[in-house]
Amino acid sequence: MNEIALYLIDVSICNGIFYVVYLFLFRNRSAFTLNRAYLIAGFILSFIIPSLELSIAPVDYHLSATRLIAPTSLEEYEKYYRPTNLVTEPAKASFISIAYWMGFGLSILRVLIDVVKVNKIKNRSVVTKKGHIRVVYADIEQPFSYFNMVFLPKDGISHLIFEHELAHVRRYHWLDLLILEIGSAVLWFNPMTFLYRKSIRMQHEYDADAQILTPS
C-alpha cells in the first residue's frame, strides 16, 4: 500500500476520532460558535496530524544479525531475495488508485455542477445589494445562501427568514462548507465526512437562529 493511501487512512481515523469527541462533548451544548469552531478545526487537523512526525521512540538503523548473513548458494539467494507478487500487487494498487481518482473526480464534478446551477439561477433573476451582500430574487421555493449571496423566492418571505439567511453570510458559514466540500472530495470514500457535513450544517442553523434572536 503506497504512502498516499496510508495517509488518507490516517486522515479518516483522525476525522472519526474528532467526530466521536464532538458527539460526546459538544453536540448537546448550546455554545454554537464553539461547536462550529471545534468541528472545522478538527476537520482541518485531521489532514495535518498524520503528516507530522510525532513518534518519540529512537529509530534503529542497524540491521539484525540475520540480515547480515550472506547466502551460500543460489537456492538460498532465491529463497531470501526472490521478488513475489510482481504482477498481482501492482495491478491491485493500480485498480485502487483508479477507483480513488474516479471517486474524487465525480465528487469535484458534483460541486462544479452545483456551481453552474446556482449561477444559472442568478443570471435569470433580479439581483440587488444589501451592503456587501447580494440579494437574488429567483424563481425558487426555499431561500438559501451561497457565498456572499442570499437567494429568495420572488413571492417574498418573512423578515425573520431573510435575516436568518443574512446571518449565514455574515457569519461566513459558506467558508466552512467550502472547506468541507474540498475535504469531502478528498475523503469521498469515508462516510464520516457526510456526518461531519450534516453536523456543521446543523450548527450553522442554530448559530444563525441565535444571531437573529439575540438582542443587539
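## A network of salt bridges

Arg 110, Asp 114, Glu 181 and Arg 197 are linked in a network of salt bridges. A salt bridge here is a side-chain nitrogen of Lys or Arg within 4 Å of a carboxyl oxygen of Asp or Glu. The model is predicted: local features need pLDDT of at least 70, side-chain atom pairs count only at pLDDT 80 or more, and totals for chains, interfaces and linings use all residues. Residues are numbered from 1 along each chain as its sequence is written, and side-chain values use heavy atoms, with hydrogens and water left out.

Arg 197 belongs to helix H7 and Glu 181 to helix H6, so the pair ties together parts that are 16 residues apart in sequence. Helices (H or I, at least four residues) and strands (E, at least two) are DSSP runs, numbered from the N terminus.

Glu 181 counts as buried because its relative accessibility is 18%. Arg 197 is buried too, with a relative accessible area of 15%, while Arg 110 is partly exposed at 33%.

The structure holds six salt bridges. One of them joins Asp 176 to Arg 36, with the closest N and O atoms 2.4 Å apart. Asp 176 lies in helix H6 and Arg 36 in helix H2 (residues 32-48), so the pair ties together parts that are 140 residues apart in sequence. Both Asp 176 and Arg 36 are buried.

## The chain as a whole

There are seven helices and four strands in the chain. From the N terminus on, the elements run α-α-α-α-β-β-β-β-α-α-α.

Of the 216 residues of the chain, 30% count as buried. The chain exposes about 14,900 Å², and carbon and sulfur atoms supply 65% of this area. Accessible areas come from the Shrake-Rupley method with a 1.4 Å probe; for residues, only the protein chains shown count as cover. Among contacts between residues at least 6 apart in sequence, 59% join residues at least 24 apart. Contact means heavy atoms within 4.5 Å.

## The sheet

In what order do the four strands of the open sheet stand? The order is S1-S2-S4-S3, and the pairing is mixed. Strand S1 (126-130) and S3 are the edge strands, each pairing on one side only. Neighbouring strands of this sheet are turned by 25° against each other on average, direction ignored. Two strands pair if DSSP finds at least two bridges between them. Strands of a sheet pair through backbone hydrogen bonds, either parallel or antiparallel.

Strand S2 (residues 133-138) and S4 run parallel and are joined by five bridges. Arg 134 stands opposite Met 149 in S4. Helix H5 lies across S1, S2, S3 and S4, running at about 160° to S4. Axes are lines fitted to C-alpha atoms, for helices over the stretch in contact, and angles run from 0 to 180 degrees between N-to-C directions.

## A nonpolar surface patch

Phe 147, Tyr 172, Leu 175, Leu 178 and Ile 182 make a nonpolar surface patch of about 450 Å². Patches are made of residues with over 30% relative accessible area and no salt bridge; like charges are joined within 9 Å, and nonpolar side chains (Val, Leu, Ile, Met, Phe, Trp, Tyr) within 5 Å.

Phe 147 lies in the loop between strand S3 (144-146) and strand S4 (149-153). Phe 147 is partly exposed, with a relative accessible area of 32%, and has a positive phi of about 55° although it is not a glycine. Tyr 172 is in the loop between helix H5 (159-170) and H6. Tyr 172 counts as partly exposed at 47% relative accessibility, and its phi is near 55°, a positive value in a residue other than glycine. Ile 182 lies in helix H6 (residues 173-186) and is exposed, with a relative accessible area of 52%.

## A buried serine

Ser 199 lies in helix H7 (residues 192-213). At 5% relative accessibility, Ser 199 counts as buried. Leaving aside neighbours within four places in sequence, Ser 199 is in contact with Tyr 19, Tyr 22 and Leu 39.

Note on methods. Buried < 20%, exposed > 50% of the residue type's maximum accessible area, 1.4 Å probe, protein only.
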